[in-house]
Amino acid sequence: MTVPPAPAGDRPAAATTPAAELRFEEVVKRYPGADAATIEGLSLTVPAGEILVLVGPSGCGKTTAMRMVNRMIEPTSGRILIAGRPTAEREPAELRREIGYVIQQTGLFPHRTVADNIATVPRLLDWSRDRIAARTTELLDLVGLDATFAGRYPTQLSGGQRQRVGVARALAVDPPLMLMDEPFGAIDPITRDRLQNELLRLQRAQPRTIVFVTHDIDEAIKLGDRVAVMRPGGHLAQYATPAELLLAPADEFVERFVGADRALKRLALGRVRDLPLERPALVRHDDPSAWVRAQLGDAEVPYPLVVDPDGRPVAWLDEDDLAAERVDAAAGSPVAIVSRDDVLRDAFSTVLAHAVQYAAVVDDAGAVVGVLSSDAVARELAPAPAPAEPEPAA
Ligand SMILES: Nc1ncnc2c1ncn2[C@@H]1O[C@H](COP(=O)(O)OP(=O)(O)OP(=O)(O)O)[C@@H](O)[C@H]1O
Ligand SMILES: [Mg+2]
């Protein structure tokens, strides 16, 4: 058991359990009476602390694959290992207490308060009341619910709040492994986006090994360190990082599943900082136009960028603006401004919304550090070259 023992002083349980590697070895599941196997020889390894997303059409065996991990379903053959230890050697009840499990919607006990729901496994493990209370407070805070939620019942919560409680409950004993079966499936897109971001934030704060099931390829690409695309019959169509999946779908099935807009989806993966920035000519209001023209020679951007005394972008100038003797910032065009941390998709739409197809990239203080061009983004969108094959000697 990896749950830390309750110390005598009843400190709240510190989140210290190391994440565990998860490994499927030639796992087969054939339900009794079924003609074909539901899972056919599934082999994959999820490194400790990573999110594996299982994605695929309905009925392809995602839930089956996931439930074999905590022995809610027994494999017909093959092995599953958690931190190198075969699950078959473990008591199913013990395994289930150790593995966090979030299921869709119906997961909470309706007649128990939020606090009691969260305390389910700690109670089974005989934690003291003080330790449970402290952990509950800590978890509610972690999932963004204030303490007044502790006494409410699931029916008194919104769908998104219920999901948060589900996540808090699964995290209660700081599991080395979490299973999440379409946890955000029935939630409106905005709340869903927020819950996804919160999951990523929790994951950055303390990485766990997570198996996350979804139908939604966009969710898979956003959350997964690795994505397993399954096809009916429990075959693994591709197991890859999101970028690999988008750049080089293994076959037509994956390509269709990933979608015709996969080039655009790739923009959701990158950040402005990933692209080479261009160097503009930075000038000031009232600079002599002749001097400004001379600066353009060294710049990588055809327009001078007017900045204020703190280096913050003010306006783009064009040839007409330089007809005057001195720079008049008020005559220039508005500047699209993006930060180095922005995702490329958002930066691209900002650039497209402006007449000048260059965005000023700024640092935390708002000062210009470079320029992102729509061309640079378009190059990022260009189809990737096929995996390198040895060139025949010319
Ligand atoms: N207990 C069972 N007995 C017999 N067949 C089952 C059982 N549970 C699931 N199946 C079958 O196994 C296949 C895979 O089911 P599973 O629930 O794993 O799919 P899934 O990928 O999670 O689908 P969904 O996306 O709809 O949740 C389905 O064809 C299903 O009918
Ligand atoms: Mg399912």
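Arginine 135 sits in helix α5 (residues 129–142), helices being DSSP runs of H or I with at least four residues, numbered from the N terminus. The structure is a predicted model, in which local features need pLDDT of at least 70 and side-chain atom pairs pLDDT 80 or more, whereas totals for chains, interfaces and linings use all residues. Residues are numbered from 1 along each chain as its sequence is written, chains are lettered from A and ligands numbered from 1 in the order in which they are written, and side-chain values use heavy atoms, without hydrogens and water.

With a relative accessibility of 5%, arginine 135 is buried (under 20% relative accessible area, 1.4 Å probe, protein chains only). A polar atom of its side chain lies 2.9 Å from the backbone oxygen of leucine 171.

The domain assignment, automatic or from a database, gives domain 1 (22–266) and domain 2 (273–380). Their centres, taken over C-alpha atoms, are 44 Å apart. The largest pocket lies between the two domains, because both give residues to its lining. A pocket here is an open set of points on a 1 Å grid over the protein atoms alone, where a 1.4 Å probe fits, with protein on both sides within 12 Å along at least five of seven lines; lining residues have an atom within 4 Å of a point. Among the 30 lining residues of the largest pocket, Leu200, Ile221, Lys222, Leu223 and Ala268 lie nearest its centre. Helix α7 supplies eight residues, the largest share of this lining.

Note on methods:
Helices (H or I, at least four residues) and strands (E, at least two) are DSSP runs, numbered from the N terminus. Buried means under 20% relative accessible area, exposed over 50%, partly exposed in between (1.4 Å probe, protein chains only). A polar contact is a pair of N or O atoms within 3.5 Å; within protein, one must be able to donate a hydrogen and the other to accept it, and residues adjacent in sequence count only if both atoms are side-chain atoms.
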